[in-house]
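Q: I have a model open and want to learn to read it. Where do we start?

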Amino acid sequence: MSSNDYGDGWEPRTRLGRKVQDGDITSMQAALDSGLPLKEAEIVDQLLPGLDDEVLDINMVQRMTDSGRRVKFRCVVAVGNRDGFLGYAEGRDDQVGSAIQKAIDVAKLNIISVDRGSGSWEDRAGGVNSLTRKATGKAGSVTVEVIPAPQGLGLAAAPTVRNILELAGIQDAWTKSTGNTRTTVNLAKATYNALRNASQSRTPERARRKQRETEVSE
């Protein structure tokens with residue numbers, strides 16, 4: 001499914017959006033490095049056209065209200081360009097299609113640059129087939145470790161974890177999962193968190209400080 005549904009009628013509402021539309025920022029990496037908060041999904045549509053999305057899980061959620069029982073659908077979605085950029089989110093709505101679209105839009109705002117490399121001692125330096133080092137993430141009771149592997153190994157991972165790694169552009173990795181891994185939402189989120197933690201550890205302090213200052217001023 002293609003995720004670019006906005007066309008050319010976009011009117012940016014944020015400083016980052018205006019910089020993208022004016023051509024001052026022309027790549028997703030430059031947008032992330034700017035330190036400006038990513039608050040418009042259209043920015044991702046402009047900088048990463050043809051982004052792929054994957055619906056990882058759909059659940060029906062029921063709750064009792066004063067007017068009776070209400071049913072909503074919770075959708076877990078990951079988006080990626082299969083070349084170093086990945087986003088993840090959950091969306092809820094009365095209709096499945098609307099819940100999926102909500103999740104896709106939020107996942108775009110959660111885009112990260114994945115810290116790819118050739119971290120296995122069996123590989124030569126300079127590759128981008130795996131990670132530079134082990135990454136760990138948690139969600140609920142689930143912990144996921146993604147471990148660099150040599151080129152040609154493939155992805156030794158459960159289907160949910162494999163889908164996310166493929167969207168991120170990781171071709172070779174060992175993975176280890178503990179906890180209630182049958183809960184797809186936590187397994188998916190823990191995998192995303194592992195890659196995000198690795199990404200954040202490489203973000204320059206200057207960019208992190210600028211982002212904090214911008215969020216306060218806005």
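A: Start with strands. Helices (H or I, at least four residues) and strands (E, at least two) are DSSP runs, numbered from the N terminus. Two strands pair if DSSP finds at least two bridges between them. Here, phenylalanine 73 stands opposite aspartate 93 in S3. This is a predicted model: local features need pLDDT of at least 70, side-chain atom pairs count only at pLDDT 80 or more, and totals for chains, interfaces and linings use all residues. Residues are numbered from 1 along each chain as its sequence is written, and side-chain values use heavy atoms, with hydrogens and water left out.

Q: How many bridges join S2 to S3?
A: Strands of a sheet pair through backbone hydrogen bonds, either parallel or antiparallel. S2 and S3 run antiparallel, joined by eight bridges. Four residues sit between the strands of this hairpin, and arginine 82 there takes a positive phi near 60°. S3 also pairs with strand S4 (residues 112-113), antiparallel, over two bridges. In that pair, leucine 86 has isoleucine 112 of S4 as its bridge partner.

Q: In what order do the four strands of the open sheet stand?
A: The order is S7-S8-S10-S9, with mixed pairing. Strand S7 (135-139) and strand S9 (155-156) are at the edges with a single partner strand each, so one side of each lacks a neighbour in the sheet. S7 pairs with strand S8 (residues 142-148) in the antiparallel sense, over five bridges. Within that pair, lysine 138 has threonine 143 of S8 as its bridge partner.

Q: Which strands does helix H5 lie across?
A: Contact means heavy atoms within 4.5 Å. Axes are lines fitted to C-alpha atoms, for helices over the stretch in contact, and angles run from 0 to 180 degrees between N-to-C directions. Helix H5 (residues 159-168) lies across S8, S9 and strand S10 (173-178), at about 140° to S10. Helix H6 (residues 184-200) packs on the sheet too, touching S7, S8 and S10.

Q: Which residues touch the most other members of the largest nonpolar core?
A: A nonpolar core is a set of buried Ala, Val, Leu, Ile, Met, Phe, Trp, Tyr and Cys residues joined through side-chain atoms within 4.5 Å. Buried means under 20% relative accessible area, exposed over 50%, partly exposed in between (1.4 Å probe, protein chains only). Among the 30 residues of this core, the answer is Leu86, Val114, Leu165, Ile170 and Leu195. H6 gives the largest share, eight residues.

Q: What is the average pLDDT?
A: pLDDT is the predictor's confidence in each residue, from 0 to 100. The protein averages 87.
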